[in-house]
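Please read them with the structure open.

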Amino acid sequence: MGLLSDPVRRRALARLVLRLNAPLCVLSYLAGIAWFLALAFPPLTQRTYMSENAMGSTMVEEQFAGGDRARAFARDFAAHRRKSGALPVAWLERTMRSVGLEVYTQSFSRKLPFPDETHERYMVSGTNVYGILRAPRAASTESLVLTVPCGSDSTNSQAVGLLLALAAHFRGQIYWAKDIIFLVTEYDLLGTEAWLEAYHDVNVTGMQSSPLQGRAGAIQAAVALELSSDMVTSLDVAVEGLNGQLPNLDLLNLFQTFCQKGGLLCTLQGKPQDWTSLDGPLQGLQMLLLMVLRQASGRPHGSHGLFLRYRVEALTLRGINSFRQYKYDLVAVGKALEGMFRKLNHLLERLHQSFFLYLLPALSRFVSIGLYMPAAGFLLLVLGLKALELWMQLHEAGVGLEEPRGSPGPSAQGVGLASLVAPLLISQAMGLALYVLPVLGQHVAAQHFPVAEAEAVVLTLLAIYAAGLALPHNTHRVVSTQAPDRGWMALKLVALIYLALQLGCIALTNFSLGFLLAATMVPTAALAKPHGSRTLYAALLVLTSPAATLFGSLFLWRELQEAPLSLAEGWQLFLAALAQGVLEHHTYGALLFPLLSLGLYPCWLLFWNVLFWK
Amino acid sequence: MAVSHCFSRAASAFTAVLLFSFGCVAASHIEDQAEQFFRSGHTNNWAVLVCTSRFWFNYRHVANTLSVYRSVKRLGIPDSHIVLMLADDMACNPRNPKPATVFSHKNMELNVYGDDVEVDYRSYEVTVENFLRVLTGRIPPSTPRSKRLLSDDRSNILIYMTGHGGNGFLKFQDSEEITNIELADAFEQMWQKRRYNELLFIIDTCQGASMYERFYSPNIMALASSQVGEDSLSHQPDPAIGVHLMDRYTFYVLEFLEEINPASQTNMNDLFQVCPKSLCVSTPGHRTDLFQRDPKNVLITDFFGSVRKVEITTETINLQQDSEIMESSYKEDQMDEELMEPLKYAEQLPVAQIIHQKPKLKDWHPPGGFILGLWALIIMVFFKTYGIKHMKFIF
């Protein structure tokens, strides 16, 4: 007889699994964490290299020399902006036309679900201005985008000046094979989203935007530029985009080659690179954790994040002016951009040769998905092992019961299933309430309580979340007490499988989010059971709930950036993060809020129910 | 009186003899010159120049081919005798900052595109099928004359190929390859159809020497830019244009050819010395075992130029020697005669004796890794299901 069909052998196997399960789980979890920490170090990291042959090894001579012109444009722009208070559309149109571009504008408007306290916006209506430089000898089938997002808080006028000077320089060259779009957006990311939706003729976020009059072909790559002053000491690059999407690594390699060529200081996550070697193994780990936290948050960290949804590879470059001695002027930045665009001009296909999924412990080192996935795999293995153990225990119990009674096996199973449906439905309903109620009920809350709408939303969120903690006491009054003593095992089994499925799916698209949630939720989910010290397990479970993970990761993030938070500040930041999360879901389609509220919170509530099983 | 008559007769006889011998010497001098006239055995020259790669970053392959085209035209081969195949248009590529030019030297010293380029096969017409059809002459009747290789048995053909290649193949246009065996078979077809007198094959790709390894037809000389296992490297990038302009081997060949004029007597041995390893990084190779004449007697202009030999003479030259050969070549028992002159076609070269085409013995490796694992798994499952104790019922 085979291994699994022979009952004697199967029982022996079951006993083996049950005996070894606990050490295996612990080992697997530790292996997952250790693997993740080892990702920052040499055998698992590789040096970056340019994979696209068309953007190969040849360097191009940059001839941009329009530094003064850029500064003049920037001054004019800043003056007009101060005068009008919003984006000086007419001036921009005039200037772009004088430089030689085809100019178009686009107006958009949006009423945010509730006022945005950090950016001080509620009803937003603005205008985007963009100019197209047509390729002199090619059909307008492909294009590149240089975009400067202008919000009301950061004027970004130096970047607008550089954009106009670059446009003037590019217009004088005849070697462009793709059209170049120079885009200036109002209300930074909102404007960019409006423009992108109109360009690709979709409507995913409910933005009302006027259709675009001028188009330039499929966008191959985009660069977003943010400059705070006309002298920069370093250029910071941001890669993480909306929902943790990343641009093709070749774009980052391209940027890095031009940094090296121009001798610019280029930083990732705001920390400078040591070009010779990874200075200190801890810095690699620090950068890796910062990237993981940023990717897990699913926020678009710059205009580029919104381009990625349309599979347009994009980067954001931020010029930082710190207290270093050596400064670069606009000409150096302009030359780097000119070189990048010239190289991108050589592309024949979309960037696809290099990696789409990677982690960056340093600007010149990466970890590919094949090497970092096992970490998540080990963590999810714990859930699988625990589920297997529970299944075997249930079947042993089922088999043990069957022998004396003989028949009511199916009915025992049937009762088990029925008693599972109630907790599942109630948890899911709570999740739905968490998703829908805060935004729906904000006006009601603002009427009855002396709070602003944004605060109302956040407080409703927290209230519903905490109300979920009281569930088990209430549901037991509703559900009949037919639930057998071992019913919690079945519930836990279902919850474990549900959690494993969700975390697995999340880890595939956004590894950082999946890993972070797995690292916190998996141990307590595996340990949850109604026997033993309930208070300890309850405390652990609360500490590893999704909200607490968010709270903790804020502290970790600030700690890694060497700007630690106090508890009060952390709480304020946490509330702001909650509001931003809900807002971004509604305005850009970020998925963190629905995932946590509709997916992970109900799952966590199931474990809470298991813990308080009577 | 008789004595003086004798003496005058002797004198006239002597002068006659002198004149005759002088004439003989002169005549033999003329005949030597006539010998030199037919030294090479060819009467016309053809060139087939092929660039097989497209895309802007393969600019250098087009520049390679155009430089050879330029040299060959300069040395006298007319466009009607050149079949130029370029897989992409670099001069009019929108990325070219200097439209209508293709440069071979940095700082734009030499524009090899010129103003009278005639490209016969362009863009997507450069395929393996078209190339082989051109070589073998199996062309549909509607093909224009400029696209045909109308060579005969007195033509010397130069074939130059460049692009991306590997061990035993050359890539055409990112979608197909030609193997060295196909090429050797095409040349054999050409030989059997009397489509060439002598052939010079030059290839500038990575591992180029693998392309001439399989040739087995007579009168072929081959040069390659690198040996098997080596890469051919590009020469110099031009930062203004943004691409590499030429490959090293062809760059130095072009420099060498720029010094050749139609009257130069430089021979093939000099061409073999072009681009030593110090300049080229790869090791150029050549193959002359199929060629009848000694390379030092082969002029560069025999292949790269179309030299019309014209000698004005007032002497009469006796060409009997040739007709003897013509008669004797039809004799039956010529099978094992020593070869006399490189003018006969039939049974000229005892190919089997010269060429040793033994297939390469592949080393036997024990089955590794995956295969072993797979078989181990199969055997384990087999034993598990049937159990060892059952084996004795089977065996």
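**Notes on the predicted model**

1. Helix H9 (residues 330-345) of chain A has 16 residues and reaches 22 Å from its first C-alpha to its last, close to the 22 Å expected at 1.5 Å a residue. This is a predicted model. In H9(A), 13 of the 16 residues are buried, so the helix is largely enclosed by the rest of the structure.

2. Strand S8 (residues 198-204) of chain B has seven of its seven residues buried, so S8(B) is largely enclosed by the rest of the structure. Both of its faces are covered: B:Glu198, B:Leu200, B:Ile202 and B:Asp204 lie on one side, and B:Leu199, B:Phe201 and B:Ile203 on the other.

3. S8(B) has two parallel partners to note. Strand S4 (residues 155-162) of chain B is joined to S8(B) by seven bridges, and the two run parallel. With strand S9 (residues 220-224) of chain B, S8(B) pairs in the parallel sense over five bridges.

4. A separate item in chain B is an open sheet of three strands in the order S5-S6-S7, with antiparallel pairing. Its edge strands are S5 (164-166) and S7 (176-179) of chain B, each of which pairs on one side only. Direction ignored, neighbouring strands of this sheet are turned by 30° against each other on average. Between strand S6 (residues 169-172) of chain B and S7(B) there are four bridges, and these strands run antiparallel. Within that pairing, B:Leu170 has B:Ile178 in S7(B) as its bridge partner.

5. In helix H5 (residues 248-258) of chain B, eight of the 11 residues are buried, so H5(B) is largely enclosed by the rest of the structure. The buried residues include the aromatic B:Tyr249, B:Phe251, B:Tyr252 and B:Phe256. B:Thr250, B:Val253, B:Leu254 and B:Leu257 are buried as well.

6. A:Tyr130 lies in strand S3 (residues 121-133) and A:Trp195 in helix H5 (residues 188-200), both of chain A, so the pair ties together parts that are 65 residues apart in sequence. A:Tyr130 and A:Trp195 are both buried. In chain B, B:Trp56 and B:Tyr59 also form an edge-to-face pair, at 5.2 Å centre to centre with 80° between the planes. B:Trp56 and B:Tyr59 are buried too.

7. Ring pairs also link A:Phe170, A:Tyr175, A:Trp176, A:Phe182 and A:Phe341 into a cluster. Charged side chains over rings deserve a look: A:Arg215 lies over the face of A:Tyr199, at 4.3 Å from the ring centre. In chain B, B:Lys147 lies over the face of B:Tyr121, at 5.2 Å from the ring centre.

8. For chain B, UniProt places a "transmembrane region" at residues 364-383, in an unreviewed entry. What does the model show over residues 364-383 of chain B? The chain there is 75% helix and 0% strand, and the end C-alpha atoms are 29 Å apart.

9. A:Leu540 is found in helix H17 (residues 534-543) of chain A. A:Leu540 is partly exposed, with a relative accessible area of 32%. From A:Leu162, A:Leu540 is 378 residues away in sequence and 53 Å away in space, C-alpha to C-alpha.

Conventions: Residues numbered from 1 in each chain as written. Chains lettered and ligands numbered in written order. Predicted model: local features only at pLDDT ≥ 70, side-chain atom pairs only at ≥ 80, totals over all residues. Heavy atoms only, no water. Expected span 1.5 Å × (residues − 1). Buried < 20%, exposed > 50% of the residue type's maximum accessible area, 1.4 Å probe, protein only. UniProt positions renumbered as here; feature names shortened; annotations may be inferred. Phe/Tyr/Trp six-rings, centres within 6.5 Å; stacked < 30°, edge-to-face > 60°. Lys NZ or Arg CZ within 6 Å of the ring centre and 35° of its normal. Pairing = 2+ DSSP bridges. Axes fitted to C-alpha atoms, helices over the stretch in contact; angles between N-to-C directions.
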